[in-house]
Amino acid sequence: MKAFIPLLFFVLSFQSTGAQAPVVAKKQLQAARASHAIQIDGALTEAAWLAVSPGTDFITLEPVPGEPSSQKTEVKVIYDNTGIYVGAICWDTEPGDIKKELTQRDQFGNTDWFGAFIDSYQDGLNAVGFIVTPAGVQFDAKYSVFGEDTGWDAVWESAAAITPTGWIAEIKIPYAAIRFPKTDTQTWHINFGRQIQRLQQKSFWSPIDPKVDGFINQSGLLTGIQGIKSPFRLQATPFLAVYAEHYRDKNAQKVNSFGRSFNGGLDVKYGINDAFTLDMTLVPDFGEAQSDNQVLNLSPFEVRFDENRQFFTEGTELFNKGDLFYSRRIGGQPFYYSRPYQNLAPDERVVDNPQQAQLINATKISGRNKKGLGLGFFNATAARMHARIEDGDGGFREVETNPLTNYNVLVLDQNLKNNSYFTLIHTTVLRSGEAYDANSSGLVFDLRPKGNKFSFRGSGKLSQKYEPGNTDLGHSYSLGVGKISGTLNYELTYNVESDTYDPNDLGFLFNNNERSLAAEVNYQIVKPFWKFNRANFGFNGVYNRLYQPGVFTGLEMESWVWGQLKNFWEANAWVFAEPAGTNDYFEPREPGRFYKAPAIYGTGFWVGTDERKRLHVTLNGNFNKSDEEGRWRWALNFGPRYRVNDRLNFQFRVFSNNSFNNVGFANTYAHSVENPQTGLLEEVSDIIFGYRDVINVENTFNINYTFNAAMALSFRMRHNWTKVGYRGFHVLEESGALGPTDYTGNHDTNFNAFNIDMVYRWRFAPGSDLYLVWKNAILDAENRSGVDYFDNLDGLFDQPQSNSLSLKVIYFLDYASMMKKTAKG
């Protein structure tokens, strides 16, 4: 019953009005209107800057929270009819030691920084941040319940200058870059932050208490802004991309082909009103996006890849609520990708089968009004795709691999008092022809009483496919209650996913058909003690059952400790266990069948050295062993980074993950056996499991050279090698145990995924970029064994590989700026 005490407290104390805790007067800063033009030069010499009163008294968050910053900071805000200006004087008693490593936009290196964080609708949940470093590098992000979204990019101006007494940051944020209520007098939540890198000291104008959940809700107030209007927001970004491509296969087909192509398109951003914005991309091109980290997947579940395409990472925080939107579905693998390989004639071969569906266009509308209602609408269309099959006489035929497909997402998100919210989501996938359609709907909520110490959260979701013979609804729901602020926090969560719940036409779910009860306790120490700056201890446990049939599947337990030492090294250690073993209903790949796995016990660690040093090293590893003799696993990850100077750095990572006597699905074995009662042969289908050794080595090497704040060159090389060697095969019995079999198939595998991404980026004008990109890719899986790592490297570049060299130019056009220049002319 103790676990439900927070819920009782919540029911008694949640009110429709009231401020967030702790109830203290918010700091205020008054902005002043500038009567003359402001030059963004990092000097702050105009009369408007000299006349306005500054905000001072920054308070530290790290390494020791709640203390006055060791260096004085003054921040001022002025505005005019075009934008808001933030000027900061960052005093420093040791200006020669100011850290100022150059990096690409939206990346932090070994550097100081200053930033402004604006919540113009005062909801305490959503904000935008504008950060600049002493080297002039810009960083901007959106902040929401999902944390920091660095994929959001705005067009704004900044300048920085190092002085004999510290450094100065000057920022202009055009009104076109932010949203604000349509009122004559504006009052915004605002905060300012400063990082002094050599001291690892982070401080804020409005103090941030690490024991209070949330960042934006602890902002101060910006007053004094009057008579501003959101401009007519129409921005276009046309682009042109040209490609030269080469594919080589030294093996049986002896292919050595060259190709070229070009692509042009347009991105449009239109301000519907002061709160809502339409974004559209027509015939998009994502050639500069980083290559996927391909792996050999031996599991029964799909591999989830990161989203690297800017249109789908920028401003998508509304769509991500509820886990019903996984943007990689759009323009992903064609729906019937495997169809061309079925029923091939003996003299036929597949000569072209695109791995990704062509995206025709994508549109999103998003924003939030002054009453706290957020609206998100997303629509995208993927083209019909075909594979080409060649016969022995040189003739060709085509097979459709992807129907014309339309994707839709609609989100309504209402902010409530005390950092609470309620969200409705609906997704639809419509396909032409015989392919099925699908939709999913959900609601997500997080309700907090006055004080922001407790949270009652939950969700409910439905999914449905529309295909012949299958229109069953699937459902999922979860409820959680917990204490979220303070030194001791805890949470209890119950989650259900039915066996027919499947949101994966546009969402992502590893597996359905489960019930789980999870509990977590976490204790944090935020003040320095002994040899530590701060520390964290915790425990969690998860009890799992199937939804249908309702049987026990496993119990997971983990305990951990993390700490930052006073020399700014960080360390983490943990232990985990599945003491009752697991009944795995997914690995057999057949409904109703399960594998009874033994208990597992393990431990792990992570260590990171002081990131301010030229040489920064991370090292982590883990080890686990099962109750079954000879069955164990170890992994080690070593990642040094060396900073040559403020422009050049090298990063290397080697990761080795090795399992011995790993047990998993190998094949389904159809064969004949004699019926002992009738003496007749009968066809049976056995599920074959194998004992196997899985050896995985991954190397990643990065070089980054930054010419200046607008120009950089990056090189990334990744090689993932996995060797799978089977020791023997067994039949999966109805009891979940493994029994003898005469199966002798060969499933040994030697897998290679090799990529090079080399990108030169030049931001030659605000919002305008030039990309020169070289990509090399090798992806190959061979049915062979007995190969060690270095033997494999000898033959790596004899495998089929592709090379691509592309040049892409993006140019930013802003209607308001063009009209202003025309008027002056």
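The second largest pocket of this predicted model has a volume of about 1100 Å³. Its lining comprises 37 residues, among which Glu157, Lys172, Asp814, Ser817 and Lys820 are the closest to the pocket centre. The largest share comes from α5, which provides six residues. Classified by residue type, the lining of the second largest pocket holds 20 nonpolar, nine polar and eight charged residues.

An open sheet is formed by three strands in the order β18-β21-β22, with antiparallel pairing. Strands β18 (349-352) and β22 (396-402) lie at the edges of this sheet, each pairing on one side only. From one strand to the next, the twist averages 40 degrees. The antiparallel pairing of β18 with β21 (residues 385-390) extends over three bridges, and Arg349 stands opposite Glu390 of β21. In general, the strands of a sheet pair through backbone hydrogen bonds, in either a parallel or an antiparallel sense.

The surroundings of one residue, Ala535, were also examined. Ala535 is located in strand β30 (residues 532-545). Ala535 counts as buried because its relative accessibility is 5%, and the cut-off for burial is under 20%. When neighbours within four places in sequence are set aside, Ala535 is in contact with Tyr523, Gln524, Ile525, Phe529, Trp562 and Gly563.

Key
Residues numbered from 1 in each chain as written. Predicted model: local features only at pLDDT ≥ 70, side-chain atom pairs only at ≥ 80, totals over all residues. Heavy atoms only, no water. 1 Å grid on protein atoms, 1.4 Å probe; cavity = no way out; pocket = protein on both sides within 12 Å on 5 of 7 lines; lining within 4 Å. Points joined across faces, edges and corners; volume = space filled by probe spheres on them. Helix = DSSP H or I, 4+ residues; strand = E, 2+ residues; numbered from the N terminus. Nonpolar A, V, L, I, M, F, W, Y, C, P; charged D, E, K, R; others polar. Buried < 20%, exposed > 50% of the residue type's maximum accessible area, 1.4 Å probe, protein only. Contact = heavy atoms within 4.5 Å. Pairing = 2+ DSSP bridges. Axes fitted to C-alpha atoms, helices over the stretch in contact; angles between N-to-C directions.
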